[in-house]
Amino acid sequence: MKLKLATMAVAAVMAAAPVMADLVYPSLSYRTGPYAAGGIPFADGYADYFTLLNERDGGIGGVMTSVPECETGYSTEKGVECYEATKGGGALVYQPLSTGITYQLIPKVTADGIPMHTMGYGRTSAANGKVFRNVFNYPANYWDGASIAVNHLLSINDGDIKGKKVALVYHNSAYGKEPIRTLEELAKKHGFELSLLAVDHPGQEQKSQWLQIRREKPDYVLMWGWGVMNQVAIQEAANIKFPMENFIGVWWSGGEHDVLPSGDGANGYKAVTFHGVGSDYPIYADIQKYVVDTGKAAGAGDQLGTAVYNRGLYAAMLAAEATRTAQEMTGNAQITAADMRNGMEALEITEERMTKLGMPNFGPSFKVSCANHGGPGTAAIAQWDASAKKWSLINDYGPSDGDVIGPLIEEDSMAYAAENNIELGCK
Amino acid sequence: MLYREAGDYKTTYAKDNQTFPIKFDRVAYYVLLLVAFCVVPFFINDYWANAVLVPFLIYVIATLGLNILIGYCGQLSLGTGGFMAVGAFASYKLMTAFPEVSIIIHILIAGGITALVGMLFGLPSLRIKGFYLAVATLAAQFFLVWLFNRVPWFYNYSASGQISAPERTVLGVNVTGPNVDAWAQYMVCLVFVVVCAWLARNLTRGNLGRSWMAIRDMDIAAEIIGVNPLKAKLTAFAVSSFFIGIAGALLFTVYLGAAEVGEAFGISKSFLVLFMVIIGGLGSIFGSFAGAAFMVLVPVFLKNFLVGGMGWPTDVAAHFQFVIVGGLIVAFLILEPHGLAALWRVTKEKLRLWPFPH
């Protein structure tokens with residue numbers, strides 16, 4: 001039994017070996033399980049952008065791209081399996097879209113010399129490129145998100161939120177716990193009261209948390225949720241008639257699929273975002289023409305223009321631009337993972353470049369450096385209009401509170417460096 | 001053909017009582033050990049270690065542990081995930097507090113701590129049994145996960161509540177941390193598996209194991225013939241939790257490297273190990289291996305076959321994987337309620353006579 005299975009598995013692995021001589025961007029996606037609602041649009045956007053490059057431009061610098069997918073189901077054990085299964089096929093960069101898997105992979109990618117890009121998630125202190133040589137989290141991280149949410153509260157209260165009560169509803173995992181430290185610092189600085197409400201995986205059961213909110217009547221509720229937890233939280237908030245404009249989610253709690261189930265009840269809900277929303281960009285005409293109309297769209301092809309799909313596009317665009325940078329640096333069209341790392345570190349995104357790519361004003365202009373892998377950390381607030389069924393930005397991309405976040409990143413990354421005997425780079 | 005027993009005579013009790021009374025089995029066992037120790041380490045790569053062999057070996061230890069409790073002593077437990085978490089967090093605290101002590105010793109102590117915790121949660125088994133005990137151990141599962149989430153001391157006050165294993169060596173070779181070689185990971189787990197399986201086999205056929213089985217078969221009768229239920233039940237909980245604790249410690253240190261209690265040691269882990277025990281066969285050492293192999297290898301194989309071999313989309317494959325594995329479990333349980341071990345026993349009996357059954 002065991003032997004037979006083993007031989008069959010060998011045969012299957014042999015058959016599954018990917019073709020070399022492509023630019024390979026493995027997608028550790030999750031299209032099943034309680035987090036699929038967010039996993040599907042991201043994976044679709046990520047794959048569609050590379051399909052577009054293949055169809056329209058013949059790949060990047062003349063080399064075709066391929067995006068082998070591996071289903072993780074948001075589980076760290078499967079994430080490790082997927083990483084090991086795909087890393088041999090010339091993988092250039094990993095984007096696991098899971099903070100848990102990110103924590104797992106940080107030491108592994110560092111040992112294997114493959115870069116990892118955790119855009120808006122993962123370990124926040126990876127922004128310190130001196131410690132985390134192979135991990136990038138530009139253009140914004142959780143702590144930026146927390147700070148920008150608080151900045152928004154400041155701006156709607158004329159700069160004074162002393163004595164206000166703010167509740168954080170968070171996914172009880174590494175992901176949800178990330179912003180707590182920053183919010184505690186910010187609470188000290190601005191004098192608001194922070195209360196913490198943990199929601200356990202998968203997040204379907206939130207009655208007690210919202211009962212507590214009903215009792216304590218916080219002025220504002222922040223949310224760090226993902227997957228099915230978002231829909232449930234927004235529905236619960238609507239049920240207790242919590243004023244939606246005082247309910248702010250991080251970008252992972254700001255998808256269409258999160259607010260649509262609550263119908264009109266979700267009107268006015270806000271979410272932080274670090275990239276453009278909607279499908280009002282020239283690139284969508286190309287996606288329609290080269291990807292959708294040719295029947296090559298990933299998944300069901302019904303996610304175009306949603307917030308998380310846009311994030312997938314954005315992640316793929318940044319990866320493609322880093323590849324281009326690496327190709328220019330080395331002069332080779334076929335780059336290695338090490339070249340890719342250097343390319344990511346030398347990445348510069350300008351408004352001009354984004355316009356040329358059909359994504360004008362889609363995200364911030366920024367430049368990655370050896371010491372700063374975190375980008376500018378700017379983001380805006382988007383608000384949901386339930387009657388028009390779309391998100392719209394209600395303020396400009398603003399910076400986060402670097403005075404608070406900078407020292408925290410330094411402290412956390414240095415602790416990691418000391419724990420793991422890491423020699424600092426970027427001399 | 002294969003099982004030719006002609007000339008395989010036993011002249012002493014010791015020979016008759018050995019674990020593999022049939023010569024062919026005995027030879028196969030030694031060949032398997034030889035291959036596992038001397039051949040596999042030279043050919044293993046990262047994928048085989050991380051996706052297949054290391055999780056298989058670790059789950060074998062956990063399944064052995066749970067099998068002692070459920071299969072041999074008849075005490076139903078749903079706290080496996082929580083007890084594995086105890087092993088993982090104990091090893092983490094020990095590793096970070098005493099970096100100079102060998103990781104092997106830490107893992108053993110972590111097993112010991114889990115044994116104590118297991119005994120504590122085993123106390124209700126003296127008064128309640130069956131499904132009621134299952135519910136009591138379920139409480140252990142939720143309490144332990146809640147505890148490790150709630151008390152920052154357990155995760156050394158890290159911001160995210162994650163624990164990550166620092167680099168440790170055995171005889172100068174890395175076994176934890178990012179720079180570990182596939183063969184080293186594999187060898188550590190293999191040594192633990194062989195020792196645990198040997199221990200389990202010898203415990204279960206000795207005095208202690210017989211008292212467990214007496215309790216399982218009929219606790220009142222066992223008490224009348226002089227088996228102390230307190231001792232039997234608590235030792236079963238202790239030995240079982242010891243194994244489960246070692247499995248949890250290995251899962252965290254050698255396999256995952258970083259873990260988050262709710263995700264890695266949730267209730268689904270308890271059920272996974274319980275399924276392994278039931279599918280493999282209650283009260284069987286071989287069954288523990290077979291059950292763990294089934295639950296670890298079949299999903300990996302199906303994934304590779306459906307996505308890599310047939311080119312299906314990953315989500316369809318993932319859904320079908322649930323359907324197929326679930327279907328196989330149901331089919332196995334209908335065809336052979338006593339698990340893969342019984343299936344193997346029947347096959348063996350057939351093979352003894354094959355090709356001339358009459």
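## Helices H5 and H7 of chain A

In H5(A), the residues A:Trp143, A:Ala146, A:Ser147, A:Val150 and A:Leu154 meet A:Thr182, A:Leu183, A:Leu186 and A:His190 of H7(A). Sorted by class, this contact of H5(A) with H7(A) has 6 nonpolar and 3 polar residues, and no charged ones. The model is a predicted one.

H5(A) covers residues 142–156 and H7(A) residues 180–190; the two pack at an angle of about 30°, and their axes are 9 Å apart. Because angles under 35 degrees count as roughly parallel, H5(A) is described as roughly parallel to H7(A). The crossing in which H5(A) passes H7(A) is right-handed.

## Helices H13 and H14 of chain B

In chain B, helix H13 (residues 285–309) packs with helix H14 (residues 314–335) at an angle of about 140°, with 9 Å between the axes. H13(B) and H14(B) are therefore oblique to each other. H13(B) passes H14(B) in a right-handed crossing.

From H13(B), the contact takes B:Val298, B:Pro299, B:Leu302, B:Lys303, B:Leu306 and B:Val307. They meet B:Thr314, B:Ala317, B:Phe320, B:Gln321, B:Ile324, B:Val325 and B:Leu328 in H14(B). By class, the residues of this contact between H13(B) and H14(B) divide into 10 nonpolar, 2 polar and 1 charged.

Strand E14 of chain A (residues 380–385) pairs in the antiparallel sense with strand E11 (residues 270–273) of chain A, over 4 bridges. In this pairing, A:Thr273 has A:Ala380 of E14(A) as its bridge partner.

E14(A) also pairs with strand E15 (residues 390–393) of chain A, in the antiparallel sense and over 4 bridges. Here A:Trp384 has A:Trp391 in E15(A) as its bridge partner. E14(A) and E15(A) form a hairpin with 4 residues between the strands, in which A:Lys389 takes a positive phi near 55°.

## Contact between chains A and B

The contact draws 40 residues from chain A and 38 residues from chain B. On the side of chain A that touches chain B, at least two residues each come from helix H1 (2–16), strand E4 (69–71), helix H3 (76–87), helix H4 (99–112), helix H6 (174–177) and helix H15 (402–419). H1(A) gives the most to this side, with 8 residues.

By class, the side of chain A that touches chain B has 15 nonpolar, 12 polar and 13 charged residues.

Notes
Residues numbered from 1 in each chain as written. Chains lettered and ligands numbered in written order. Predicted model: local features only at pLDDT ≥ 70, side-chain atom pairs only at ≥ 80, totals over all residues. Pairing = 2+ DSSP bridges. Contact = placed C-beta atoms within 7 Å. Nonpolar A, V, L, I, M, F, W, Y, C, P; charged D, E, K, R; others polar. Axes fitted to C-alpha atoms, helices over the stretch in contact; angles between N-to-C directions. Parallel < 35°, antiparallel > 145°, perpendicular 65-115°, else oblique. Left-handed = near helix turned anticlockwise from the far one by under 90°.
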